[in-house]
Amino acid sequence: MKIFERMMRVPPDCREVADVLQAYLDGELPESKTHVVSEHLQHCERCGIEADVYLEVKRSLGELATPPDRDVMARLRSFADRLTSEGGS
Ligand SMILES: [Zn+2]
């Protein structure tokens, strides 16, 4: 029973890793901590998944951050113009 209870809880290790995971994935973590985290990720599925999710989110945010090309902007603009002119007067 004790083992089961422990499995249901977030181990303190994981909490510590979760705190620095973002910095680790961004490469902003000091080297002394980096290997602790990478070692933990190798044997901890929970944190491994969290790392994957973070990288995925970061990747899609990066894609959004790239500025849309001129065509798209022009289309959005005329769409907005149409909306405002149709609505009023
Ligand atoms: Zn963990």
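The model is predicted, and local features need pLDDT of at least 70, side-chain atom pairs count only at pLDDT 80 or more, and totals for chains, interfaces and linings use all residues. Residues are numbered from 1 along each chain as its sequence is written.

Colour the residues by burial next. Of the 89 residues in the protein, 8% are buried. A residue is buried if 20 or more other C-beta atoms lie within 10 Å of its own, exposed if 12 or fewer, and partly exposed in between, with C-beta atoms placed from the backbone.

**The core**

Select Val17, Tyr24, Val37, Leu41, Cys47 and Ala51, the six residues of the largest nonpolar core. Such a core is a set of buried Ala, Val, Leu, Ile, Met, Phe, Trp, Tyr and Cys residues joined through C-beta atoms within 7 Å. At least two residues of this core come from each of α2 (12-25), α3 (31-43) and α4 (45-65).

Centre the view on cysteine 47. Apart from neighbours within four places in sequence, cysteine 47 is in contact with Cys14, Val17, Ala18, Leu21, His40 and Leu41. Contact means that the C-beta atoms of two residues, placed from the backbone, lie within 7 Å.

**Helix α3**

Which residues of α3 are buried? They are Val37, His40 and Leu41. Look down the axis of α3: the buried residues fall within an arc of 100 degrees, so they line one face of the helix. The arc is that of the directions from the helix axis to the C-beta atoms. Turn to the face away from the buried side to find the exposed residues Glu31, Ser32, His35, Glu39, Gln42 and His43.

Stay in α3 and pick histidine 40. Histidine 40 counts as buried because it has 20 C-beta neighbours inside 10 Å. Not counting residues up to four places away in sequence, histidine 40 touches Asp13, Val17 and Cys47. Histidine 40 and aspartate 13 are 27 residues apart in sequence, and 8.1 Å apart in space, C-alpha to C-alpha.

**Where α2 meets α3**

Show α2 and α3 together. Their axes come within 10 Å and cross at roughly 115 degrees. Axes are lines fitted to C-alpha atoms, for helices over the stretch in contact, and angles run from 0 to 180 degrees between N-to-C directions. Asp13, Val17, Val20, Leu21 and Tyr24 of α2 make the contact with Lys33, Thr34, Val37 and His40 of α3.

Now select tyrosine 24 in α2. Tyrosine 24 is buried, with 21 other C-beta atoms within 10 Å. Beyond its neighbours within four places in sequence, tyrosine 24 is in contact with Leu29, Thr34 and Val37. Tyrosine 24 and threonine 34 are 10 residues apart in sequence and 6.4 Å apart in space, C-alpha to C-alpha.

Finish at glutamate 16, also in α2. Glutamate 16 counts as partly exposed, with 15 C-beta neighbours inside 10 Å.

Key
Helices (H or I, at least four residues) and strands (E, at least two) are DSSP runs, numbered from the N terminus.
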